[in-house]
Amino acid sequence: MNILNSPPVLAGFKTSFTVSLFWIGSMIVLPLVMLLTTVLQLEWHTFWQIIVNDRVLSSIMLSFKTAFFATLINLFFGTLIAWVLVRYQFPGKALLNALIDLPFALPTAVAGIVLATLYAPNGLIGQFFAQIGLQIAFTQLGIVVALVFVSFPFIVRAIQPVLANQEAALEEAAHILGATRWQTFSKVLLPTLYPAMVSGAGMGFARSLGEYGSVIFIAGNVPLVSEIAPLMIMSKLDIYDVQGAAAVAFVMLVFSFLVLLLFNAVQNYLNRHFVSK
């Protein structure tokens, strides 16, 4: 049956559906088509030479590696902070809850400058690490710090509503049956959070892959050492190599799409085997 010819659930469905398709097409599909068109102008061997260049491969691998570690860190601390915000009452809770969204509002370039200043060897925080021989700013570790900052809210905001909607009866039943606090958390509560954790991790990971503004100030941008893929793209655009930049962007897009598909598959699996039971 044709969806457009079926009785609409809400008034104005045809109009809103058409506008939605137009907006998605112009804002998402059309730019991707233009990117693909630019890449297709390259011959295969030229495209391949651009991608297998040592600097390009190194930058792509570094982007995925740092995004992966930043996501792992945010999974742990994001889940912990979401738990604190939902399960406990304390002075300043509203302020702490508002601070979670600060990375969304703060310009990424400003965040990069602030982080570089804080974690530089002579910075407020970096000087303590320098005393033990550990440098954060202008290294790959600095990139991870920047990505943790910009992607942190995704984890908290994905887990927080799920925790808030959990039924207290589950914990009471586990307690009555003799479960310890750790058993209640790990066997009863945590499995219900898995889909939200994967969803938040997927959004945070995707956000980290495309981050540019906050990273360039703290990374050091040393070729083959601390040069990320977005910086490689910008470097090619600076010398008007639009096709080379499009080739790198296309590879990042393909890999990012595959990673997001994997996250969605894992989330659907967890929904079927944990939440629905």
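**Notes on a predicted all-helix chain**

1. Ser63, Thr66, Ile143, Leu147, Ser208, Leu209, Glu211, Val215, Ile228 and Pro230 line the largest cavity (a cavity is a set of points on a 1 Å grid over the protein atoms alone where a 1.4 Å probe fits but cannot get out, and lining residues have an atom within 4 Å of a point). About 40 Å³ of space lies in there (a volume is the space filled by probe spheres set on the points, and grid points are joined across faces, edges and corners). Helix 3 (54-87), helix 8 (140-164) and helix 10 (181-209) each give at least two residues to this lining. The structure has one cavity of 30 Å³ or more.

2. Before you go on: this is a predicted model, where local features need pLDDT of at least 70 and side-chain atom pairs count only at pLDDT 80 or more, while totals for chains, interfaces and linings use all residues. Residues are numbered from 1 along each chain as its sequence is written, and side-chain values use heavy atoms, with hydrogens and water left out.

3. Now the overall picture. You'll find 13 helices and zero strands in the protein chain (helices are DSSP runs of H or I with at least four residues, strands are runs of E with at least two, and numbering starts at the N terminus). The C-alpha atoms fill a box of roughly 70 × 65 × 30 Å along the principal axes. Of the 277 residues, 36% count as buried (buried is under 20% relative accessible area, exposed is over 50%, and partly exposed is in between, with a 1.4 Å probe and protein chains only).

4. Besides lining the largest cavity, glutamate 211 forms a salt bridge with arginine 207, with the closest N and O atoms 2.4 Å apart (a salt bridge is a side-chain nitrogen of Lys or Arg within 4 Å of a carboxyl oxygen of Asp or Glu). Is each partner buried or partly exposed? Glutamate 211 counts as buried, at 3% relative accessibility, whereas arginine 207 counts as partly exposed, at 27%.

5. The whole structure has four salt bridges. One of them joins the side chains of arginine 55 and glutamate 227, at 2.4 Å from N to O. Arginine 55 sits in helix 3 and glutamate 227 in the loop between helix 11 (213-219) and helix 12 (229-238), so this pair ties together parts that are 172 residues apart in sequence. Arginine 55 is partly exposed at 34% relative accessibility, and glutamate 227 is buried at 4%.

6. Lysine 236 and aspartate 241 also meet through their side chains in a salt bridge, this time at 3.9 Å from N to O. Lysine 236 counts as buried, at 15% relative accessibility, while aspartate 241 is partly exposed, with a relative accessible area of 25%.

7. Alanine 111 and valine 215 are 104 residues apart in sequence, yet their C-alpha atoms are 8.9 Å apart in space. Alanine 111 belongs to helix 6 (residues 108-119) and is buried, with a relative accessible area of 3%.

8. Which helix gives the most to the lining of the largest pocket? Helix 10 does, with four residues.

9. On the surface, Phe22, Trp23, Val33 and Leu253 are among the residues of a nonpolar patch with about 1,100 Å² of accessible area together (patch residues have over 30% relative accessible area and no salt bridge, and nonpolar side chains, meaning Val, Leu, Ile, Met, Phe, Trp and Tyr, are joined within 5 Å, like charges within 9 Å; areas come from the Shrake-Rupley method with a 1.4 Å probe, and for residues only the protein chains shown count as cover). Helix 1 (residues 13-40) gives the most, with 10 residues. Valine 33 is in helix 1 and is partly exposed, at 41% relative accessible area.

10. Finally, the unreviewed UniProt entry annotates "transmembrane region" at residues 21-42, 62-86, 98-120, 132-156, 212-233 and 245-266 (positions follow the numbering used here, feature names are shortened, and annotations may be inferred rather than shown by experiment). Over residues 62-86 the model is 100% helix and 0% strand, with the end C-alpha atoms 35 Å apart. Residues 98-120 come out at 78% helix and 0% strand, with the end C-alpha atoms 27 Å apart.

Conventions: 1 Å grid on protein atoms, 1.4 Å probe; cavity = no way out; pocket = protein on both sides within 12 Å on 5 of 7 lines; lining within 4 Å.
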